[in-house]
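The following questions and answers go through one protein model. Each answer works towards the value or name asked for.

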Amino acid sequence: MLYVADGLGGLPLQPGGRTELETANTPNLDALAQRGVLGMSIPVLPGIAPGSGPGHLGLFGYDPLKYDIGRGVLEALGIDFALTDRDVAVRGNFVTVDAAGNISDRRAGRVSSEIAAKLCEKLDQIVIPGVEVFVRHVKEYRLVIVIRGDGLGGNVNDTDPQRTGVPPLKPQGADPASQKTAAVLAEFMRQAAEVLKDDQPANLLTMRGIAKMPPIPKFQEVYGTRAAAIAVYPMYRGLARLVDMDILDAGHSLVDQMACLEANWSKYDFFFIHFKYTDSTGEDGNFEAKVQRTEAFDSGIPRIMGSQPDVLIVTGDHSTPSNRNSNSDPPVPTTVPADNARFAGSRPSGESSGCG
C-alpha cells in the first residue's frame with residue numbers, strides 16, 4: 001500500500017518553529033511511527049524541486065531522470081483521452097490577464113469546473129490548418145490541449161512564467177519538429193485570446209508539460225504485482241495509467257477512496273492512494289489550511305490499517321511548504337510500517353525528527 005499526501009513535506013514559518021506536519025494533530029501517523037521504519041526521502045536528487053510527475057514516478061520505482069513524462073501526457077491519460085503517436089499533449093491552466101496582457105492570477109481564481117468546462121467547449125472550436133485540435137476540461141482551472149498531426153515534436157517550453165505581473169511566454173521548439181509544434185501552439189494562443197477576451201476571470205491560458213507519449217515499462221512487468229490506483233484528480237490517475245495500473249472509481253472524497261479500497265482489497269496485490277489537498281493548500285501559501293488537510297489525510301489511516309496491509313508506505317511525492325507557495329526541494333517525511341520492519345520507537349511525526 002502506497003498512501004501519498006501530495007506535497008506533504010513543509011517548513012516552519014519561523015526558525016526553530018514547527019512545520020505543517022509537526023503542527024497537525026496526527027494520532028494515527030504518530031502510532032505508525034512507533035511500529036515502522038522512519039526517514040526522509042529524496043524524490044529525484046538533492047536540490048531538485050520535482051513536479052508531481054517525476055515525484056510519483058520515483059515513488060513507483062522508475063528513474064524520473066530516465067523517464068521524463070510531460071504533464072500534458074499525464075493529464076490526457078488521466079481523463080481517458082486515447083493518445084496516439086501523432087499527438088502532442090499540453091496541460092493548460094486558465095489564467096487572468098489584465099488590460100496590458102500581464103498575468104494577474106495564474107489559476108484564474110481557481111475558476112469552477114462548471115465555468116471552465118464551458119470555456120473548453122468554446123476553445124474546442126478552434127481550427128488550425130494541417131492539424132487536428134482537441135480541447136478537453138480536466139478539473140477546475142485545468143485543461144488538456146492535444147494537437148494531432150504529422151511531424152510534430154514535443155520539446156517545447158512551458159508558456160507559464162511561474163509569476164504574475166508579466167505576460168505568458170511564447171512557445172519555442174528546441175528542434176525542427178518541435179518548432180513546428182510551437183508554431184501551431186502560438187496560433188492556438190492567438191485564437192484563444194480572441195475567444196476568451198470577454199470571459200472573466202478566465203480570459204487566457206498558459207501551457208505546461210508539452211510532450212509526446214513516451215515508451216515506459218508496465219508496473220506488472222517490473223514488479224509482478226497486480227496494481228490499482230485510487231486517485232480523485234485526473235493527473236494522478238494518468239500517472240498510474242501510464243505504468244498500466246488499473247484505475248478504480250475513487251469517488252470525490254477521502255471517504256469514497258477508503259470505501260473503494262475496502263471493496264477491491266482482495267483483487268489486487270498493490271494499491272496506490274493519492275490525496276491532493278496538502279499540495280494545493282501549500283501552493284496557496286495557507287499554513288493553517290495545510291495543517292487541517294494533513295489532519296484529514298491522517299484520518300484515512302485507520303481504515304487502511306483495518307485491511308491489514310503487509311506493508312504500508314506513507315509519504316509524499318515532494319515538499320510544498322506553505323511559506324514557499326510551490327514545489328520545493330526539502331526531503332519528504334516517510335513512514336514504512338511492516339511486521340518485518342525495524343521499530344523506531346515513540347518519535348512523533350515530523351521533519352525535525354527525521355521521520356513521517
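Q: Is Trp265 buried, partly exposed or exposed?
A: The model is predicted, and the class follows from the computed relative accessibility. For Trp265 that value is 28%. Buried would need a value under 20% and exposed one over 50%, so Trp265 counts as partly exposed.

Q: Which class, buried or exposed, does Phe271 fall into?
A: The relative accessibility of Phe271 is 2%. The cut-off for the buried class is under 20%, so Phe271 counts as buried.

Q: Are the rings of Trp265 and Phe271 stacked or edge-to-face?
A: A pair of rings is described by the distance of the centres and the angle of the planes. For Trp265 and Phe271 the centres are 5.5 Å apart and the planes are at 5°. Planes under 30 degrees apart count as stacked, so this pair is stacked.

Q: How are the rings of Phe275 and Phe297 arranged, and which elements hold them?
A: The ring centres of Phe275 and Phe297 lie 5.7 Å apart with the planes at 50°, so the pair is tilted. Both residues are buried. The pair links distant parts of the chain, 22 residues apart: Phe275 is in strand S10 and Phe297 in helix H11.

Q: Which residues form a cluster through ring pairs?
A: The structure holds 11 aromatic pairs. Ring pairs link five residues named here into a cluster: Tyr3, Tyr233, Phe275, Tyr277 and Phe297.

Q: Which charged end sits over the ring of Tyr233, and how far is it from the centre?
A: A charge counts as sitting over a ring only if it is within 6 Å of the ring centre and within 35 degrees of the ring normal. The charged end over the ring of Tyr233 belongs to Lys276, and its distance from the centre is 5.9 Å.

Q: What is the relative accessible area of Arg142, and over which ring does its charged end sit?
A: Arg142 has its place in strand S6. Leaving aside neighbours within four places in sequence, its contacts are Glu75, Arg91, Gly92, Asn93, His137 and Tyr233. Arg142 is buried, with a relative accessible area of 5%. Its charged end lies 4.5 Å from the centre of the ring it sits over, that of Tyr141.

Q: How many of the residues of helix H4 are buried?
A: The buried residues of H4 are Gly72, Val73, Leu74, Glu75, Ala76, Leu77 and Gly78. They pack against helix H3, strands S3, S5, S6 and S7, and H8. H4 is therefore largely enclosed by the rest of the structure, the count being 7 of the 8 residues.

Q: How are H4 and H8 oriented to each other?
A: The axes of H4 (residues 71–78) and H8 (residues 234–242) are 6 Å apart and meet at an angle of about 95°. Angles from 65 to 115 degrees count as roughly perpendicular. H4 and H8 are therefore roughly perpendicular.

Q: Which residues of H4 make the contact with H8?
A: By class, the contact has 7 nonpolar, 2 polar and 4 charged residues. From H8 it includes Pro234, Met235 and Tyr236. The residues from H4 are Arg71, Leu74, Glu75, Leu77 and Gly78.

Q: Where is a cis peptide bond found, and what is its omega?
A: Most peptide bonds are trans. Pro201 lies in the loop between helix H6 and strand S7. The bond that joins Gln200 and Pro201 is cis, with omega of about 5°.

How values were computed:
Residues numbered from 1 in each chain as written. Predicted model: local features only at pLDDT ≥ 70, side-chain atom pairs only at ≥ 80, totals over all residues. Heavy atoms only, no water. Axes fitted to C-alpha atoms, helices over the stretch in contact; angles between N-to-C directions. Helix = DSSP H or I, 4+ residues; strand = E, 2+ residues; numbered from the N terminus. Parallel < 35°, antiparallel > 145°, perpendicular 65-115°, else oblique. Contact = heavy atoms within 4.5 Å. Nonpolar A, V, L, I, M, F, W, Y, C, P; charged D, E, K, R; others polar. Phe/Tyr/Trp six-rings, centres within 6.5 Å; stacked < 30°, edge-to-face > 60°. Buried < 20%, exposed > 50% of the residue type's maximum accessible area, 1.4 Å probe, protein only.
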